[in-house]
Amino acid sequence: MNEENKEILSIVLLVFLPIILFFASFLIGRYPIDPIDVIKTILCPIFPQLEVSQTITTIVFEIRLPRIIGAFVVGAALAMAGSAFQGIFKNPLVSSDLLGVSNGAGFGAALAILLSGLNVVTQIFAFIFGLISVSITYLISKSYKNGGILVLVLSGVAISAFFGALVSAVKFIADPDDKLPEIVYWLMGSLASITVDKLIMISVPIIIGVVVLMLLRWRINLLSMGDEEAQALGLNPSRTRLVVIAACTLLTSAAVSISGIIGWLGLVIPHMTRMIVGPDNKILIPASLSLGASFLLLIDNISRAVISIEIPIGILTAVIGVPIFLYLLRRGYSEWS
């Protein structure tokens, strides 16, 4: 395949795939809906003369639309954060939970479920503790003189393990007949409980994170060249890296707060996108947004359609993501070596 055809394929894949999956997702579920009815329902607010049953309207706007948007937002956020992390740390094994965000958010959610059980409290606690975990990681790394990126990554691993232990402690003391199943289910990841209110709550941090990464994506290219080269080109590596980490943390914490822990997406999608569009972060990061959203929409549709009992999405992302990652690793290892 020549370069021109490859470019056309990339555009079709990254632009039209999420659009196709977005509309196809309305048709999938326990209650089948005709495509014409979906189109009429979506157009009904603009053209009131279109007749659509109240049942279909409720399913489309109150059940499936928030979930579809949630899958799109969560997938895009985790993929963008993963791409940015891999760029600034120059490490192909880095993902969005590198600095302890996921385990910190997981502990916050588990604690909220144990103490309260209210969805809004769970979401707030997950978001706050995701931010706290990264803040602790950063403060620890700064306490070491000349620690650099290696100390930051190792601090993140340690803090992630610490919050993972706290999650286990919460599960140990939780009521096995009431709270424990809810905690376990949340930690496995699911989009079933996403509502419009939850999407509104995370809209501000998601928008901030996306805008910051889009504005700084060319600077991530400079960071990937090394700190000395970046400084020679007039960039402050430490400050830029801190801003990128903060943006990635906002994205990951906000996403995890409504979906639970969804692993492998932030690791696999950047590799997949890099093989399609190349390593230039000016293209890679927005492309990761598109492919991450498409991937999670596809996985969520599978989780709803395979069997009558919905499979937690975190299980599917791991089962499907691991073979894909091994294949991509075999195909693209030379790009990182």
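Student: Which residues of α5 meet α6?
Tutor: This is a predicted model. In it, F129, S133, I136, T137, Y138, I140 and S141 of α5 meet α6. On the α6 side the partners are V151, L152, S155, G156, I159 and F163.

Student: What's the split into nonpolar, polar and charged there?
Tutor: The contact of α5 with α6 has eight nonpolar residues, five polar and no charged.

Student: And at what angle do α5 and α6 pack?
Tutor: About 140 degrees, with the axes 8 Å apart. That makes α5 oblique to α6, because an angle has to be over 145 to count as roughly antiparallel. The crossing of α5 and α6 is right-handed.

Student: OK, α10 next. At what angle do α5 and α10 cross?
Tutor: Roughly 150 degrees, and their axes come within 8 Å. α5 and α10 are therefore roughly antiparallel to each other. Their crossing is right-handed.

Student: Which residues make that contact?
Tutor: From α5, Q123, A126, F127, G130, L131, V134 and Y138. From α10, L242, I245, T249, L250, S253, A254, S257 and I258. By class, the contact of α5 with α10 has ten nonpolar residues, five polar and no charged.

Student: Switching topic: what volume does the largest pocket have?
Tutor: About 310 Å³.

Student: How many residues line the largest pocket, and which lie nearest its centre?
Tutor: The lining has 16 residues, and K142, G148, I149, S238 and R241 lie nearest the centre.

Student: Which elements give two or more residues to the lining?
Tutor: α5 (119–142), α6 (148–173), α9 (227–232) and α10 (237–259). The largest share, five residues, comes from α10.

Student: How does the lining divide by class?
Tutor: Seven of the lining residues are nonpolar, six are polar and three are charged.

Student: Last one: α11 and α12. How do their axes cross?
Tutor: The axes of α11 (residues 265–277) and α12 (residues 281–305) come within 9 Å and cross at roughly 120 degrees. α11 and α12 are therefore oblique to each other. α11 passes α12 in a right-handed crossing.

Student: Which residues meet there?
Tutor: In α11 they are L265, I269, P270, M272, T273, R274, I276 and V277. In α12 they are I283, L284, A287, S288, L291, G292, F295 and L296.

Student: How many of those are charged?
Tutor: One, alongside twelve nonpolar and three polar residues in the contact of α11 with α12.

Notes: Residues are numbered from 1 along each chain as its sequence is written. This is a predicted model: local features need pLDDT of at least 70, side-chain atom pairs count only at pLDDT 80 or more; totals for chains, interfaces and linings use all residues. Side-chain values use heavy atoms; hydrogens and water are left out. On a 1 Å grid over the protein atoms alone, a cavity is a set of points where a 1.4 Å probe fits but cannot get out, and a pocket is an open set with protein on both sides within 12 Å along at least five of seven lines; lining residues have an atom within 4 Å of a point. Grid points are joined across faces, edges and corners, and a volume is the space filled by probe spheres set on the points. Helices (H or I, at least four residues) and strands (E, at least two) are DSSP runs, numbered from the N terminus. Ala, Val, Leu, Ile, Met, Phe, Trp, Tyr, Cys and Pro count as nonpolar, Asp, Glu, Lys and Arg as charged, and the others, Gly among them, as polar. Axes are lines fitted to C-alpha atoms, for helices over the stretch in contact, and angles run from 0 to 180 degrees between N-to-C directions. Angles under 35 degrees count as roughly parallel, over 145 as roughly antiparallel, 65 to 115 as roughly perpendicular and the rest as oblique. A crossing is left-handed if the near helix is turned anticlockwise from the far one by less than a right angle, and right-handed if clockwise. Contact means heavy atoms within 4.5 Å.
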